[in-house]
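Please keep the sequence and the structure in view while reading.

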Amino acid sequence: MGNNSMGTTAIDKRRLNNNQHEIDAAGRAEELRQEILEKVAEYYRLKHAPREFEPGTTRVQYAGRVFDEEEMMNATDAVLDFWLTLGRFGLEFERQLGEFLGVSSVIPVNSGSSANLVAVTTLCARQLRNGLRPGDEVITPAVTFPTTLAPIVQNRLVPVMVDCQLGNYNIDVDQLEAAISDRTRAMFVPHTLGNPIDMDKLMAFVKRHKLYLIEDTCDALGSTFDGNPVGTFGHFGTLSFYPAHHITMGEGGAVYTNSLRLARLARTVRDWGRDCFCGYVNPSDGKCGHRLNWKIPGVGEPYDHRYLYTEIGYNLKPTDMQAAIAVAQMGKLPSFIEKRKRHFKMIYEGLQRFEEHLMLPTQHPKSDPSWFAFPITVRPGAPFTRRELTRHLESQNIETRYLFSGNILQQPAYRDIEHRIVGELVNSDVVLKGSFFVGVYPGLDEARIEYLLDSFHAFFDQI
Ligand SMILES: Cc1ncc(COP(=O)(O)O)c(C=O)c1O
């Protein structure tokens, strides 16, 4: 008894010592974390703080990451956690973006291309009764981003290519009826450069033919049609968080939906195809409490739910460091959107005098675009070429880009895919030959935009 009580006392003492040591270490670690974060903020201010604009020397980018010490501190904070895969920042990002979009589910992925792949593959899920099956047709525009079309092809679906409208560069909603066949089951449409499609006409068509709809809103975070965020009209919206986009996490993206059923399937597709729905941080028994009691259908033996595969999937998750950066970006998103709109307006007003030769962008009266960029088409018959104009701008240190693929069926990778075409794709060829865009991103300011407009003037003065 005496020994026993002496022994217990010694053990208790050691435990107390250990506890005290752990408390001291945790306290010191927390102090260090704060010190490191303060140093990171100082580093940001010295190394990355925005510089004065020097006309002709500073590049007027079309897009780029806009950040401050908060993004760098969050990223460092996540590194110090060293959880690495999606965790607390991932959950916070899902919550904040879901709230911003007004949707029940946001599923982060590692790129906008992955978001598109997850969305299309989910609609092909074997568990989705009435899901898409090989050979089914998906209506999509010929002017597009390659990885909007690629997952249609990869899932053995047949794209039905529709022309775009010049000015808004979106799918021509007046040609949709001509695109329908008895194999048509879905639409996958980008809101080009953030400019919302006429959703009144599009949704009437989608409902009339009971189609699935995926909206590629990789370029349209913050854009609305009739007051509703684009991406929430259909079954899925997809986003990209590459540095050129409205917010960034380096490489990243998300799929979002108001359907809990589709969200669960999308998580399965994103996460190796597994059935487990535990999320990122979960107890050993799983959130369901009986992780080891699941059954593979038709096999008697109980099986670990984490390794029960119900879909053919991938691993397309981003890391918690990426999510930490995105959380910091979320706080800036409203001001980013406002700046994009302001810069667009300034460029529009400045270029109106050149409308004889430059086609300026158009938008639907019910839309409020959060522009990705400012599209311009050199009118056929203009006394100069797109190449001459963009070369001039580039020589003035102003970044330009062509409108993604142009008519994508002209691109080598897509020439031989199985597809159907509606009409002649005349406008898509005009885009291929004559369209380009300049930036409106929040890293620009009045000085940069005035310089950009002056450079257009200089070009027109010399022709
Ligand atoms: C409309 C559209 N869809 C998809 C993507 C692909 O996104 P990511 O580059 O993140 O893969 C992009 C990229 O710019 C895009 O503009």
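In this predicted model, an N or O atom in the side chain of Ser240 is placed 2.7 Å from an oxygen atom of the ligand.

| Residue | Atom of the residue | Atom of the ligand | Distance |
|---|---|---|---|
| Ser240 | side-chain N or O | oxygen | 2.7 Å |

On its own the ligand has 390 Å² of accessible area, and the protein covers 90% of it. There are 15 residues around the ligand, and those that come nearest are Gly112, Ser113, Asp216, Asp219 and Ser240.

The second topic is the helix pair. Helix H4, which spans residues 112–123, packs against helix H7, which spans residues 260–270, at an angle of about 115° and with the two axes 9 Å apart. The crossing of H4 and H7 is right-handed.

On the H4 side, the residues that meet H7 are Val118, Thr121, Thr122 and Leu123, while H7 contributes Leu262, Leu265, Ala266, Val269 and Arg270. Sorted by class, this contact of H4 with H7 comprises six nonpolar residues, two polar residues and one charged residue.

Key. Residues numbered from 1 in each chain as written. Predicted model: local features only at pLDDT ≥ 70, side-chain atom pairs only at ≥ 80, totals over all residues. Heavy atoms only, no water. Axes fitted to C-alpha atoms, helices over the stretch in contact; angles between N-to-C directions. Helix = DSSP H or I, 4+ residues; strand = E, 2+ residues; numbered from the N terminus. Left-handed = near helix turned anticlockwise from the far one by under 90°. Contact = heavy atoms within 4.5 Å. Nonpolar A, V, L, I, M, F, W, Y, C, P; charged D, E, K, R; others polar. Near = heavy atom within 4 Å. Polar contact = N/O pair within 3.5 Å; in protein donor to acceptor, adjacent residues only side chain to side chain. Areas by Shrake-Rupley, 256 points an atom, 1.4 Å probe, with all protein chains shown as cover.
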